[in-house]
Amino acid sequence: MNLITKLLRRNISPARMAGFVVSNFLGLLIVCGALQFYTDASTLWESEESFLRNDRLILNKRVGGEALADSRVSQFTDAEISDLEKQPWVRSVGRFRSADFRVDAILPQGGRDLSTALFFESVPDRYLDVSNLPGWHYDSTSGTVPVVIPRDYLALYNFGFATSAGMPRLSEQLVSGIPLLLRIRSADGSVHTMQARIVGFTSRMNTILVPDAFLRDANSRFGRGEAGEGPTRLAVEVSRPGDTAIARYLEAKDFEQAGEQGRGSAAFLLRVVAMTVGAVGIAITLMSLLILLLSVSLLMEKNRDRIHSLLMLGAPLLEVGRPYSMAVIAGSISALVLALVGVLLLRSLYLPALTGLGLHEGGILPSLIAGAALTLLVAGLNVIAVRRRISRAWRL
């Protein structure tokens, strides 16, 4: 350490530097902690089966007494769908397709077949949480029709019907292995049979699903010619689940949302809380920046005559400003290291508690980048301020 550095560092207040480090540490801890929690918590709503995920809404019209006289009042018109697609919170709209024929499911039981009437619907694969299931694909050469049923249907059978009728309960694996026979009655009265198999279960759509390719083909072959009418349900992919504008729009249009509406609100609330906490952290970090700028300015103003004398004696500008710049950089790096350690400690506390909800560890890179960016901002602005003050002292 040279003589100039020793001389100037004697007047740098450790208490003021400690105050800057503490305030900067708190700001960085809040910003990086909020960002890290948001990164980890985002796995809750990114998972297809997450209880928070609700970025795909199922909409239908409210059914009133007029639907008894005209079933078309429950159908969405092209104008209504076009208006829905123009909303800022809508990414895309998918139309449900309904079976235009009668179909029965038959379960062979050694001569005593069990049968029940079914209904089929389909929707484009992008709106499904089961589109990546093995066996879901269908084309004209497929010998088996893949079917997906709601988990609620199986739960109703196991804990309602099976319990009261004394019948065995069925697991998802067992139901998936049971072969089914479909009896399709076409519009001309002919009967056709096809093999079917349950390939999966959904928690998000309360309907019996088949591939859209199958239903388009089956409607053209067996339908009554009513498949071209407007859809009665829509699958809507939204960009801001839980946004209050969605609820206001649905209420104004008299549309109903199927399923649990609170899931999207919970996800939206988590996002808002994380952004609010992050904003508070940024505000505290900026306050620490102002505190340090003020402290450095006061310190250099106090040592103005000494700095001017050193410059007049030929000391380089960078050499005179180095003690202050190094103090700023050292304090900023210390605050960043402490903040990152604090984030890791907080993370070790909330991760075990939220793992049971389906949370998975997210990457820590966003927090590192945000912390480093804020640190560079704080340190860089202060170093620039130091150099400007030194230059002014030279011109005295």
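Predicted model: local features only at pLDDT ≥ 70, side-chain atom pairs only at ≥ 80, totals over all residues.

Reader: What does the protein chain hold in helices and strands, and how much of it counts as buried?

Author: The protein chain has 11 helices and 11 strands. Of its 396 residues, 42% count as buried, a label that requires under 20% relative accessible area.

Reader: Why is the pair of phenylalanine 76 and phenylalanine 255 called edge-to-face?

Author: Two ring centres must lie within 6.5 Å to pair, and planes over 60 degrees apart count as edge-to-face. The centres of phenylalanine 76 and phenylalanine 255 are 5.1 Å apart and the planes stand at 70 degrees, so the pair is edge-to-face. It is one of 5 aromatic pairs in the structure.

Reader: What makes this a link between distant parts of the chain?

Author: Phenylalanine 76 is in the loop between β1 and α3, while phenylalanine 255 is in strand β11, and 179 residues separate them. Both phenylalanine 76 and phenylalanine 255 are buried.

Reader: How do you know that tryptophan 89 and tyrosine 249 form an edge-to-face pair?

Author: Their rings are 5.6 Å apart, centre to centre, with 70 degrees between the planes. Tryptophan 89 lies in the loop between α3 and β2 and tyrosine 249 in helix α7, so the pair ties together parts 160 residues apart in sequence. Tryptophan 89 and tyrosine 249 are both buried. Ring pairs link Phe76, Trp89, Tyr249 and Phe255 into a cluster.

Reader: What makes arginine 233 a charge over the ring of phenylalanine 96?

Author: The distance limit is within 6 Å of the ring centre, and CZ must also be within 35 degrees of the ring normal. Arginine 233 is 4.6 Å from the ring centre and lies over the face of phenylalanine 96. The charged end of arginine 126 likewise sits over a ring, that of tyrosine 127, at 5.3 Å from its centre.

Reader: Why is valine 337 called partly exposed?

Author: Exposed needs over 50% relative accessible area and buried under 20%. Valine 337 has 45%, so it is partly exposed. Its place is in helix α10.

Reader: What lets valine 337 belong to a surface patch?

Author: Patch residues need over 30% relative accessible area, and valine 337 has 45%. Met326, Ile329, Ile333, Val337, Val341 and Leu345 form the nonpolar patch, with about 530 Å² of accessible area together.

Technical notes
Residues numbered from 1 in each chain as written. Heavy atoms only, no water. Patch = residues over 30% accessible without salt bridge, like charges linked within 9 Å, V, L, I, M, F, W, Y side chains within 5 Å. Areas by Shrake-Rupley, 256 points an atom, 1.4 Å probe, with all protein chains shown as cover. Salt bridge = Lys/Arg side-chain N within 4 Å of Asp/Glu carboxyl O. Helix = DSSP H or I, 4+ residues; strand = E, 2+ residues; numbered from the N terminus. Buried < 20%, exposed > 50% of the residue type's maximum accessible area, 1.4 Å probe, protein only. Phe/Tyr/Trp six-rings, centres within 6.5 Å; stacked < 30°, edge-to-face > 60°.
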